[in-house]
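Work through these exercises with the structure open beside you. Try each task before you read its solution.

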Amino acid sequence: MKIVERRIYNKDGVEGPKYDPYGWVEYTLLVNGKRFVYHLGLAEWIRLPNNKRIDMTIKRNGKIIDKIFEKLTGLNFLGLEKAWERIHNPKKCKKCGSKKRKWMNGFPGETLEVCGKCDRIIYSHFDESAIM
Ligand SMILES: [Zn+2]
């Protein structure tokens, strides 16, 4: 699957009985307009764009839903956390120390993440489908 657009959302909360609350975290990933949800808490499941939910009931199956999610979206749970971290806690620019970011178009099909202050290129994303 060629990724044209990818957005990531994160929320968290508490589930389970009041006397034994359990923290959960949930990532919603929009890939080319399709919605994938990864819920990790007392219950662990993923929800596919067709609303089908795959539950992880036995602990050792955790790796399996992780693999399914990765195959469909290109990101596993760790990848989601890293992507979220990179977007929301960007590292300081090596040149000027700014944490501001902006997106620019580079060559056709190329998107550049650049420092908002000094325009140093931090990350570039190349999308083949954009030039076909
Ligand atoms: Zn900079």
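**Exercise 1. Count the helices and strands of the chain, then give their order.**

Solution. This is a predicted model. Step one is the count: the chain has two helices and eight strands. Step two is the order. Starting at the N terminus, the elements read β-β-β-β-β-α-α-β-β-β.

**Exercise 2. Find where confidence in the chain is lowest and where it is highest.**

Solution. Begin with the whole chain. The average pLDDT is 82, and 87% of the residues score at least 70. Now go to the elements. Confidence is lowest in strand E8, residues 121–126, with a mean of 71. Confidence is highest in E3, at 93.

**Exercise 3. Work out the strand order of the open sheet and name its edge strands.**

Solution. First, list the members. Five strands form the open sheet, in the order E1-E2-E3-E4-E5. Their pairing is antiparallel. Next, look for strands that pair on one side only. These are E1 (6–15) and E5 (53–56), the edge strands. Neighbouring strands are turned by 15° against each other on average, direction ignored.

**Exercise 4. Describe how E1 is joined to E2, and find the bridge partner of Arg7.**

Solution. Strand E2 covers residues 22–31. Ten bridges join E1 to E2, and the two run antiparallel. Now take one residue. Arg7 has Leu30, in E2, as its bridge partner.

**Exercise 5. Which strands does helix H2 lie across, and at what angle does H2 run to E1?**

Solution. Locate the helix first: H2 spans residues 77–88.

**Exercise 6. What share of the chain is buried, and what share of its contacts spans at least 24 residues?**

Solution. The chain has 132 residues, and 11% of them are buried. For the contacts, take those between residues at least 6 apart in sequence. Of these, 26% join residues at least 24 apart.

How values were computed. Residues are numbered from 1 along each chain as its sequence is written. This is a predicted model: local features need pLDDT of at least 70, side-chain atom pairs count only at pLDDT 80 or more; totals for chains, interfaces and linings use all residues. Two strands pair if DSSP finds at least two bridges between them. Helices (H or I, at least four residues) and strands (E, at least two) are DSSP runs, numbered from the N terminus. Axes are lines fitted to C-alpha atoms, for helices over the stretch in contact, and angles run from 0 to 180 degrees between N-to-C directions. Two residues are in contact if their C-beta atoms, placed from the backbone, lie within 7 Å. A residue is buried if 20 or more other C-beta atoms lie within 10 Å of its own, exposed if 12 or fewer, and partly exposed in between; C-beta atoms are placed from the backbone. pLDDT is the predictor's confidence in each residue, from 0 to 100.
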